[in-house]
Amino acid sequence: MQYYALAGAERPALVARDEDDAFDLTSSNPKVETFSDLARAADITNQSVDDVARGLLDEADSFPADDLSERARRPVVPDEVWAAGVTYHISEQAREAESGMPDVYLDVYEGERPEIFFKATASRTVGPNEAVGIRGDSSWDVPEPELGVVLYRGDIVGYTVGNDVSSRSIEGENPLYLPQAKVYDRCCSIGPCITSAADIGDAQNLGMTMTIERDGEVLYEESASTAEMVKSCEELVSYYARHNTVPETAVLLTGTALVPSDDFTLQEGDDVRIEVDDIGVLENTVTVV
Ligand code: DO4
Ligand code: MG
């Protein structure tokens, strides 16, 4: 099943979509307003999120599935977002080329321990139909389309689409500037929904396409697959949670498989569209922050 958080005129709502049908779970039980509420109920009752949702469907109002993408907001308000880096060969190569210290990236790509870094708080994370940010003090900025693992108390409960918007000029100047290249206002986007882990099945075999448009013209369109990831989602999660008490809800981005050519930088007003199989399309405009 897929889960959407909707901003509504009257009240927020958690909507479950199963194939072409969608249901407002909050109408069935007003205590289930968010995906975290659903995951909490599943945790307490030792069921899956889909089992809890199925138990609510009979009493739930149906919802027009066609309205979901327009009204979708962040599918979860994560306590924290972390990200893995250099998990695809293309990312390792791009960073080697941009950096004065290329060896650190090859060592991480080939090493047992992945690069896992803090990416965003909820306050820096936007959802679909909102603007992502590029820094005003950066000259080279890119979107990073990534599969996002949704965790409830450290367990994988679903997957979403993420955009790890990054400054290549700041990271390229010195790897120790990474936190500034990665963490700033509107640096992260997630959505449009969460697909349950049961419905995703094999997360290491999902196609992904990113399209960037400027003034209606397509400047970039490429595809990749999570099959190219050098480590599994489970391995990345295990390093994130190692000796680290994780919060109730977290999203772990799993690294970018798509890198625009070196002469490309994002600009105010660009439109970034990231599609991942079995999840959906995350679309954001770009603003300078
Ligand atoms: O090493 C820097 C960050 C890498 C990253 O964000 C990625 O590979 O997606
Ligand atoms: Mg990234």
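In this structure, a polar side-chain atom of Glu144 sits 2.9 Å from an oxygen atom of ligand 1. The model is a predicted one, where local features need pLDDT of at least 70, side-chain atom pairs count only at pLDDT 80 or more, and totals for chains, interfaces and linings use all residues. Residues are numbered from 1 along each chain as its sequence is written, chains are lettered from A and ligands numbered from 1 in the order in which they are written, and side-chain values use heavy atoms, leaving out hydrogens and water.

**Around ligand 1**
- Ligand 1 is surrounded by 16 residues, and Val86, Ser91, Glu115, Lys182 and Thr256 are the closest.
- An N or O atom in the side chain of Glu146 is 2.9 Å from an oxygen atom of ligand 1.
- For Glu171, a polar side-chain atom is 3.4 Å from an oxygen atom of ligand 1.

**The magnesium ion**
- Glu144 (OE), Glu146 (OE) and Asp164 (OD) coordinate the magnesium ion (ligand 2) at 2.0 to 2.1 Å; donors are N, O and S atoms within 2.8 Å of the metal (3.2 Å for Na, K and Ca), and water is not among the atoms, so sites may look incomplete.
- Glu144 is buried, at a relative accessible area of 5%, and Asp164 is buried too, at 0% (buried means under 20% relative accessible area, exposed over 50%, partly exposed in between, with a 1.4 Å probe and protein chains only).

**Inside the protein**
- Leu38 touches, beyond its neighbours within four places in sequence, residues including Tyr3, Leu14 and Leu25 (contact means heavy atoms within 4.5 Å).

Notes:
A residue is near a molecule or strand if one of its heavy atoms lies within 4 Å of it. A polar contact is a pair of N or O atoms within 3.5 Å; within protein, one must be able to donate a hydrogen and the other to accept it, and residues adjacent in sequence count only if both atoms are side-chain atoms.
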